[in-house]
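Subject: Structure handover

Hello,

Here is the structure you asked about, followed by notes on what was found in it. Please read the notes with the structure open.

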Amino acid sequence: MFDEKKVKDLVLSSLVADAYSLGAHWIYDEKQLQTLDIDWNNLNDAKVVWHKGKVAGEFTHYGDQTLWLYQFLEGKDTFDVNEYIEFWKTKIEVYNGYIDGSTRETLENIENKVTPTGSASTDLSIIGRIAPLLLVSNSKEEFLENVNKFVTSTHNSNEAITASKFFASLLLEVLDGKGIEESILSLKDNFDTKIQSYIYSGVASKTDDTFQVIREFGPACDISGGFEGVIHLLCKYNNLKDMLICNAKAGGDSSARGMIATIIFMAQKDISMSQIPTSWLNIKASIV
């Protein structure tokens with residue numbers, strides 16, 4: 001159903017977005033962001049204690065878990081969420097990276113045999129990991145079903161389910177050759193008033209300064225604020241490098257915003273991997 005090379009490019013692009021975001025990820029202080037010892041044109045070592053020891057080209061825990069999903073799906077024709085969550089559990093139990101609240105709660109739910117296993121997290125980041133699911137989806141409907149199963153396995157909140165459905169639907173529209181802003185606006189009526197308000201705010205901000213916009217929406221991990229930030233990025237930029245640099249300079253959960261915006265941006269038919277600077281491809285993973 002979906003072109004395998006294109007899908008692998010999307011997965012690789014999402015990993016690049018995460019690796020690029022690593023340097024300034026989770027820095028919130030505006031003065032610190034403006035004086036940070038970072039080369040914004042290249043990949044950088046992590047600057048915060050939560051990613052201590054992570055060096056240029058490595059991933060945050062978002063990128064690591066995206067890569068795990070890709071590795072799990074290699075050679076498979078379908079997505080078995082029960083098999084996946086067992087695979088994910090074996091990976092997370094020996095993981096040296098950051099263990100966030102959604103992971104801790106999901107592990108407790110697995111231990112207590114709660115189904116779906118997912119936490120009540122409303123973190124935006126889970127949505128940026130969905131691209132590998134295109135590899136085992138034979139229709140648009142199956143992709144949306146797989147996204148729902150994947151998201152609820154670790155982030156089983158109404159907010160995460162609804163937001164992931166919107167961005168998965170948007171990804172499909174753009175893969176079909178439709179324009180990004182056109183697709184955002186055409187999808188809005190399929191969602192509730194909260195999502196519609198996020199869309200209107202994000203689109204309305206497209207001519208404003210990204211740093212100020214993201215600080216005003218809220219640069220933290222939650223879907224509220226992060227959703228609008230992604231819409232802003234997608235409607236404002238026609239160059240991936242500029243988008244990711246300005247997103248990272250705005251601080252906070254830059255990786256979550258950047259990963260989602262990147263897979264949708266790169267889904268455009270006239271966009272190639274040449275949008276990614278060569279030095280940014282020096283990441284600690286290969287997608288073959």
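A charge counts as sitting over a ring if NZ of Lys or CZ of Arg is within 6 Å of the ring centre and within 35 degrees of the ring normal. The charged end of K236 meets this over the ring of Y237, at 5.9 Å from the ring centre. K76 has its charged end over the ring of F72, 4.4 Å from the centre. Bear in mind throughout that this is a predicted model.

Aromatic pairs

The count of aromatic pairs comes to 16. One of them joins W26 and Y62: the ring centres are 6.4 Å apart and the planes stand at 90°, so this pair is edge-to-face. W26 is in the loop between α1 and α2, while Y62 belongs to helix α3 (residues 61–73), so the pair ties together parts that are 36 residues apart in sequence. Both W26 and Y62 are buried.

F72 and F87 make a tilted pair, with 5.4 Å from centre to centre and 45° between the planes. This pair also links distant parts of the chain, since F72 is in helix α3 and F87 in helix α4 (residues 81–92), 15 residues apart. F72 has a relative accessibility of 5% and therefore counts as buried. F87 has a relative accessible area of 22%, so F87 is partly exposed; the cut-off for buried is under 20%. Ring pairs connect F72 and F87 with F79, Y84 and F150 in a cluster.

Helix α12

Helix α12 covers residues 240–249, and its buried residues are L240, M243, L244, I245, N247 and A248. What do the buried residues of α12 pack against? Their partners are α1 (4–21), α2 (30–35), α10 (210–217), α11 (223–236) and α13 (254–266). At the start of α12, a side-chain oxygen of N239 comes to within 3.1 Å of the backbone nitrogen of K241. Just after the helix, G251 has a positive phi of about 80°.

I127

I127 is in the loop between α5 (101–111) and α6 (140–152). Is I127 buried or exposed? Its relative accessible area is 1%, so I127 is buried. Apart from neighbours within four places in sequence, I127 contacts A163, S164, F167, I260 and I263.

Regards

Conventions. Residues numbered from 1 in each chain as written. Predicted model: local features only at pLDDT ≥ 70, side-chain atom pairs only at ≥ 80, totals over all residues. Heavy atoms only, no water. Buried < 20%, exposed > 50% of the residue type's maximum accessible area, 1.4 Å probe, protein only. Helix = DSSP H or I, 4+ residues; strand = E, 2+ residues; numbered from the N terminus. Contact = heavy atoms within 4.5 Å. Polar contact = N/O pair within 3.5 Å; in protein donor to acceptor, adjacent residues only side chain to side chain. Phe/Tyr/Trp six-rings, centres within 6.5 Å; stacked < 30°, edge-to-face > 60°.
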